[in-house]
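Me: I'd like to learn how to read a protein model feature by feature. Could you walk me through one?

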Amino acid sequence: QIPRLFALYKTTGQLNHFGEMLENIFSPIFEATIFPEQYPDVAEFLQHISGFDTVDDESRSEKPVDRTFSSKNLTPQQWDIADNP
């Protein structure tokens with residue numbers, strides 16, 4: 001599981017937009033898939049998983065009508081607000 005901490009990373013200046021978070025998650029996976037000999041630990045790890053998900057603090061979840069965002073409106077690179085997408 002990957003925690004949904006984009007809002008924290010954005011607020012603290014660790015990320016500029018959501019696209020950077022996606023790159024941090026998926027680039028190592030793609031690299032290890034293409035070049036397993038260069039990333040043997042990640043390549044081995046990928047042999048043992050079938051998927052993963054993101055998790056959020058559901059006690060803080062907003063009602064769907066209160067959400068102010070839509071992934072249809074912004075691409076990950078455009079998502080530069082401090083809300084979790």
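Reply: Happy to; we will go from the overall fold to the core, the aromatic pairs and the surface. Keep in mind that this is a predicted model.

Me: Let's begin with the fold. How many helices and strands does the protein chain have, and in what order do they run?

Reply: Start by listing the elements from the N terminus. Here there are three helices and two strands, and their order is β-α-α-α-β.

Me: What share of the 85 residues is buried?

Reply: Buried residues account for 14% of the protein chain. As for its surface, the chain exposes about 6,700 Å², with 52% of that supplied by carbon and sulfur atoms.

Me: Which residues make up the largest nonpolar core?

Reply: For a core, look for buried nonpolar residues joined through their side chains. In this model the largest one has seven members: Ile 2, Phe 6, Leu 15, Phe 18, Met 21, Ile 25 and Trp 79. H2 contributes three residues, the largest share of this core.

Me: What does Ile 2 touch, leaving aside residues up to four places away in sequence?

Reply: Its partners are Ile 25, Phe 52, Asp 53, Thr 54 and Val 55.

Me: Now the aromatic rings. How many pairs are there?

Reply: The structure holds three aromatic pairs. To read a pair, check the distance between ring centres and the angle between planes. Phe 6 and Phe 18 have centres 5.5 Å apart and planes at 90 degrees, so they count as edge-to-face, the class for angles over 60. This pair links distant parts of the chain, with Phe 6 in helix H1 (residues 6-11) and Phe 18 in helix H2, twelve residues apart. Both residues are buried.

Me: How are the rings of Phe 26 and Phe 30 arranged?

Reply: They are stacked, at 6.1 Å centre to centre with 25 degrees between the planes. Both belong to helix H2, where they lie four residues apart, about one turn of the helix. Together with Phe 52 they form one aromatic cluster.

Me: Is Phe 52 buried, partly exposed or exposed, and why?

Reply: Compare its relative accessibility with the limits of 20% and 50%. Phe 52 has 41%, so it counts as partly exposed. Phe 26, at 31%, is partly exposed too.

Me: Which residues make the nonpolar surface patch?

Reply: Phe 26, Phe 30, Ile 34, Phe 35, Tyr 39, Phe 45, Ile 49 and Phe 52 make a patch of about 740 Å². Helix H2 (residues 18-34) gives the most to this patch, three residues.

Note on methods. Residues are numbered from 1 along each chain as its sequence is written. This is a predicted model: local features need pLDDT of at least 70, side-chain atom pairs count only at pLDDT 80 or more; totals for chains, interfaces and linings use all residues. Side-chain values use heavy atoms; hydrogens and water are left out. Patches are made of residues with over 30% relative accessible area and no salt bridge: like charges are joined within 9 Å, nonpolar side chains (Val, Leu, Ile, Met, Phe, Trp, Tyr) within 5 Å. Accessible areas come from the Shrake-Rupley method with a 1.4 Å probe; for residues, only the protein chains shown count as cover. A salt bridge is a side-chain nitrogen of Lys or Arg within 4 Å of a carboxyl oxygen of Asp or Glu. Buried means under 20% relative accessible area, exposed over 50%, partly exposed in between (1.4 Å probe, protein chains only). A nonpolar core is a set of buried Ala, Val, Leu, Ile, Met, Phe, Trp, Tyr and Cys residues joined through side-chain atoms within 4.5 Å. Contact means heavy atoms within 4.5 Å. Rings of Phe, Tyr and Trp (its six-membered ring) pair if their centres lie within 6.5 Å; planes under 30 degrees apart count as stacked, over 60 as edge-to-face and the rest as tilted.
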